Amino acid sequence: MSSHRLLTRLVPRQTFSHTTTRFFTKPSCSSPPCLGIRPSRQSKAITKPRLLSLETLHNYHTTKPLLSQPEIPTTPTSATLPTSAVPSSDPPLPEYVPPTTGLLSRLPPSWVPYAELARLDKPTGSYYLFFPCLFSTLLAAPLAGPASPVSVIGTSLLFISGAIIMRGAGCAINDLWDRNLDPHVTRTRLRPIARRAITPFQGLVFTGSQLLAGLAVLLQFPFECFWYATPSLLFVASYPLAKRVTYYPQFVLGLTFSWGAIMGFPALGVDLLANQAALTAAGCLYTSNIAWTVLYDMIYAHMDIKDDAKAGIKSIALKHDKETKQVLTGLAVAQIALLAGAGAAVGAGPAFFIGSCGGAALTLGYMIKKVNLKSVKDCWWWFVNGCWITGGVISLGLATDYLLKYYGQEKLEKKPEELESA
C-alpha cells in the first residue's frame with residue numbers, strides 16, 4: 001500500500017468545526033488550506049505537517065463572507081436612540097389658551113398679558129397683602145380717639161387698592177427676575193414673560209407705571225406714611241433674589257407682605273415714635289404676620305417642590321420636606337403668641353383674645369391637620385381658602401373689639417351731656 005493511500009486512511013477528509021484546535025496541511029498550500037496531505041511533486045516523502053490554530057482557520061473562512069454580506073437593518077430601541085428621540089411617557093404640557101371667562105376675558109386681547117403679569121386673575125396674593133393692613137388699622141383704631149367707622153372704612157379701602165397695585169408690581173418684578181427660570185416650572189411656564197407675550201423691557205415699563213400708581217395711592221394717606229412705606233420697596237425687589245441664595249425666601253416674602261402691619265397706625269394718625277404701646281403692638285403684629293406668611297407660603301411652595309428641585313430654586317418646603325407639619329405647627333404657635341402680645345400691648349378686650357387669637361388657633365390647627373402636602377390641588381385649596389378663613393376670624397375679632405370700644409366710648413361721652421341737660 002502506497003504512502004499516499006495509507007495517509008488518506010489515517011487522515012480522512014473532514015469539515016473542521018469551531019471546536020477543532022489544530023489540523024494538518026501542506027506547507028506549500030497557498031489557498032485554501034488543505035484538508036488532507038498529498039505528497040509533494042518533487043518528492044514522495046511525507047512532509048512534516050505544520051500546526052495551525054483554530055483562529056487562523058476561522059478568520060480565513062469567515063472574514064470574506066462577512067464583509068461581502070449586506071448589513072441587516074435592526075430596529076432601534078430606546079437604548080440606542082439619542083435622548084431627544086426617546087419618546088417621553090409624560091403627557092404633553094398644555095399650550096396657552098386665552099381666558100374665556102372672568103375679568104380678563106372682557107379686556108382687549110392686547111391688555112390680557114399685562115393683566116396676567118399683575119395677577120388680576122389670581123387675587124389671593126392681594127388679599128394676603130391687604131390683611132396685615134386691615135389688622136393694624138383695626139388694632140390702631142381704638143388708640144386714635146377712637147377713630148370713626150367711616151374713617152376706618154375709608155382707610156381700609158385705600159389699603160385694598162394699594163395692595164392690588166403693589167402686589168401687581170411685586171409680581172412683575174418677580175417675573176422679570178425669574179424670566180429664565182419660569183419656563184422650567186410647570187405652573188409658571190405660561191406666564192406672560194416666560195412665554196414671550198411680553199418682552200422684559202415692556203414688563204419693566206409696566207412695573208414703573210404700577211409703582212407710580214402705588215405712589216399716588218400712598219399720597220392719599222398722611223404724609224408720615226410715605227416715610228414708613230418706602231423701606232418696603234427694598235424687600236419687594238430682593239425677594240426673587242432670595243430664592244436663589246437661601247432655602248428661606250419665604251422669610252423675605254414675610255418681611256415684604258407683612259409691612260402693612262405697621263402702616264395702619266400712621267394711617268390713622270397714631271405716632272409710633274411717640275406712643276410706646278402702639279410701637280410695641282406694631283412690632284408684635286408685624287412679626288406675627290411674618291410667621292403667618294411663612295406658614296401659608298410653605299404650603300404654597302409644596303405645589304412646585306419637584307419643579308423647584310429640578311430648576312435649582314430654593315424654598316423652605318425643599319429644606320424641611322420631611323418635617324413640614326412640625327414646622328407649620330411651630331409657625332402657627334409663634335403667630336398666635338405674637339398676635340396676643342400685640343393685643344395686650346394696646347389693652348385689647350376679650351372679643352379680641354377669643355375671636356382673633358382663639359379663632360386663629362382653631363383654623364390654623366385644622367388646616368395643618370387636613371392639608372395634603374403631596375397634592376397640588378389640595379395645597380392650592382388651602383392656600384386660597386386659608387386666607388379667608390384665618391384672616392377672616394382675626395379681622396372679625398379685631399373689628400368686634402374696636403366697635404365695642406367705640407360705642408362704649410360714645411355712651412360714656414353722652415352720659416355727662418344728658419346729666420347736664422337734665
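Reader: How far apart are the end C-alpha atoms of residues 251-270?

Author: Some ground rules: this is a predicted model, where local features need pLDDT of at least 70 and side-chain atom pairs count only at pLDDT 80 or more, while totals for chains, interfaces and linings use all residues. Residues are numbered from 1 along each chain as its sequence is written, and side-chain values use heavy atoms, with hydrogens and water left out. The span 251-270 is 75% helix and 0% strand, helices (H or I, at least four residues) and strands (E, at least two) being DSSP runs numbered from the N terminus. Its end C-alpha atoms are apart by 28 Å.

Reader: Which UniProt annotation covers that span?

Author: The unreviewed UniProt entry lists residues 251-270 along with other spans, including 127-145 and 380-399. UniProt positions are given in the numbering used here, feature names are shortened, and annotations may be inferred rather than shown by experiment. The name in the record is "transmembrane region".

Reader: How many residues of helix α9 are buried?

Author: Buried means under 20% relative accessible area, exposed over 50%, and partly exposed in between (1.4 Å probe, protein chains only). Helix α9 spans residues 249-257 and is mostly covered, with cover coming from helices that include α4, α5, α8 and α11. Among its buried residues are P249, V252, L255 and F257.

Reader: What does L139 touch, leaving aside its neighbours within four places in sequence?

Author: Contact here means heavy atoms within 4.5 Å. With those neighbours set aside, the partners of L139 are F265, A281, L285, A342, G343, V346 and L398.

Reader: Is L215 buried or partly exposed?

Author: L215 sits in helix α6, residues 200-218. Its relative accessible area is 34%, which falls between the 20% and 50% cut-offs. So L215 counts as partly exposed.

Reader: And overall, what percentage of the protein's residues is buried?

Author: The protein has 16 helices and zero strands. Of its 422 residues, the buried ones make up 39%.
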